[in-house]
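Biologist: I am new to this one. Please show it to me, and then I will ask my questions.

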Amino acid sequence: MKLVKLLLPLITLTISAFSVPAQHLSDASLVAKGAKVYGENCARCHNARPAEEYSKKEWSVVIPHMRAKAHMTGKESLAVEAFLASTLTADVRNTPSHESADAPKRTGAELVTQFGCQGCHQLKGEGGTLGPVLDDVISDKGEAFVLQKLIDPKFNNAASAMPKYPMTKEDIAAIIEFLKQ
Amino acid sequence: MKKVLLQSAVTAALSMSLMTTVNAQENSSLDIGRLAIAGYGDVTYISQGNMKDEEGNDIQNNVVARFVPIFLFQLSEKIHIEAEIEFSTNEEGETETELEYANMHYFLNDNTIITAGKFLLPFGQFGANLHPSWINKAVSNPGLYGGHGGNGSLGGITSILGDTGISIANTWNMGDAGRIFTDFYTVSGPRQEEGDHGGGVEMEVKKGDNNDSMAFGGRVAYAFLPEWEIGISYYTGEYSDDGDLNYSAYNIDFNWVGSYASVRGEIFGSTAETEGETEAEVEGEHGEEWVKDFDKNGWYIQGTWQARQLGKAWLNPIELVVRYSDIESDFDGSIGHDFEEDAGKMGSRIYYGINYWLEPSAVLKLGAESTSIDNEGAGHGGIVDDRVFLQLAFGF
């Protein structure tokens, strides 16, 4: 009881002292950081779950729950939220389409960074270990395999945690060309 | 002294939290929700054709099911509420309901979380994080977490998996050197078992506090993510109705998670002070009062391997599991005595399983388990305790 008596005033004072105005988030590397945190933390206890299992709004409520479970910091959990949200569009199937004429062309390297691939995969010695190394994936598995994996990550493994990214056909072609190098 | 140390640690953790540079909870342009429902469930067929209870009666095969929704509410960026309710059918087909936890998280700053309510105690890893059926790679629990079925030959070491109180959790990020997780809590504590044989620590579902004394505990872990995490937990509290008997427990847990395999384990022990009285030399008078320790110790190790490492597409969903648990208990250092049913036992449990993953959070498990009690004269000693399981488990 003494401890509770000791803690309560401290907590009360602290809560009132830490009213901090919210800031708008505009960090371009947040998605990549989120992918890394996702790759490092989810599989500590369970299979990493693909983004499409919840909506963006649901993830925003689920992530604080996982923050407490996994001891993630606030910044890390926000980055994971940003990563998961980046893979979700209004089209839940994320069916690949052709690039619209006014969309800027993105290189394979830019796309690999944008989608946070190295959160789970190693490339040139950098990246996570949740998924396989990507350096020789084209020569080992074949271009057709990688193409199909990008279109439908679960086509060869129903338990795959790889998100189904909102990629265009041009995006997929650019990533494959990048992985060939 | 132990309490003082724990109290000091809690105060230190809180003070360090206050000293931490406070960063604003950064708002985002993401869609913000208010309510989400997650959870898990399972249906399990248990074949136990050769199993008998202590009186030699057959134990029937059965099918049991669970549905365990978790209700998550986000009141604000700083306050999050969660509750988990377990609905299950038992071997008799009756429906059972239990509140697993219901609490509020207050995100004090970037690395500190205060939790109040009923919560799963950060004591080891299995009880806090690994027990949900779609996460638990095996169908059953490690031996040191209790029988949970079968003929109950292997009593668990502790019941302190969930309780009501307040906790403070911190994350200390040390960059390339890894990170440290700390959890300290105070909860209502263990209860004394009802009964006329002196009463040990209540191992069943708790009914509330029974004395004025709070229990204290904590876990300190070092993690080198994504592969390693090692934690040490300690718990102490008075459990008797008059608050003069102590129960304490420790746990050392480790986890290694690789791309295709994992190894987990825990070393676990508890000590419950037990009181009694020697036989009086003169009829009608009291004998000498004594307090002796009732100790339980055990460990388990679990290994898993995913067959996708072999590169064959048809093997991708398959995972193999093996787990070995060992437990022993003694009273005042002696194995042989008749003070309590579960006292004085040396037992082990081994589980072999093959899992077929249907989705990242849905799995079909086939497992076989054998439990043995090794010392003669112990309760359930020599009685067959073998089971085969088929379980469909899912997280949602």
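**Strands, then a helix**

Modeller: In the model, B:Thr186 stands opposite B:Phe216 in β8(B). The model is predicted: local features need pLDDT of at least 70, side-chain atom pairs count only at pLDDT 80 or more, and totals for chains, interfaces and linings use all residues. Residues are numbered from 1 along each chain as its sequence is written, while chains are lettered from A and ligands numbered from 1 in the order in which they are written.

Biologist: How many bridges join β7(B) to strand β8 of chain B?

Modeller: Strands (E, at least two residues) and helices (H or I, at least four) are DSSP runs, numbered from the N terminus. Strands pair if DSSP finds at least two bridges between them. β7(B) and β8(B), residues 215-224, run antiparallel, and the bridges that join them number nine.

Biologist: Which residue in β7(B) is the bridge partner of B:Ile168?

Modeller: β6 (residues 162-173) and β7 (residues 179-187) of chain B pair in the antiparallel sense over nine bridges. In β7(B), the partner of B:Ile168 is B:Phe184.

Biologist: Which residue takes a positive phi in the hairpin of β6(B) and β7(B)?

Modeller: Five residues lie between the strands of this hairpin. The one with a positive phi, near 65 degrees, is B:Gly175.

Biologist: Now chain A. At what angle do helix α2 and helix α4 of chain A pack?

Modeller: Axes are lines fitted to C-alpha atoms, for helices over the stretch in contact, and angles run from 0 to 180 degrees between N-to-C directions. The axes of α2(A), residues 30-41, and α4(A), residues 74-86, are 7 Å apart, and the angle is about 105 degrees.

Biologist: Is α2(A) roughly parallel or roughly perpendicular to α4(A)?

Modeller: Angles under 35 degrees count as roughly parallel, over 145 as roughly antiparallel, 65 to 115 as roughly perpendicular and the rest as oblique. The helices pack at about 105 degrees. That makes α2(A) and α4(A) roughly perpendicular.

Biologist: Why is α2(A) largely enclosed by the rest of the structure?

Modeller: A residue is buried if 20 or more other C-beta atoms lie within 10 Å of its own, exposed if 12 or fewer, and partly exposed in between; C-beta atoms are placed from the backbone. Those buried in α2(A) include A:Val31 and A:Tyr38. The helix is largely enclosed because its buried residues number eleven of the twelve.

Biologist: What share of the 396 residues in chain B is buried?

Modeller: Chain B has two helices and 16 strands. Of its 396 residues, the buried share is 43%.
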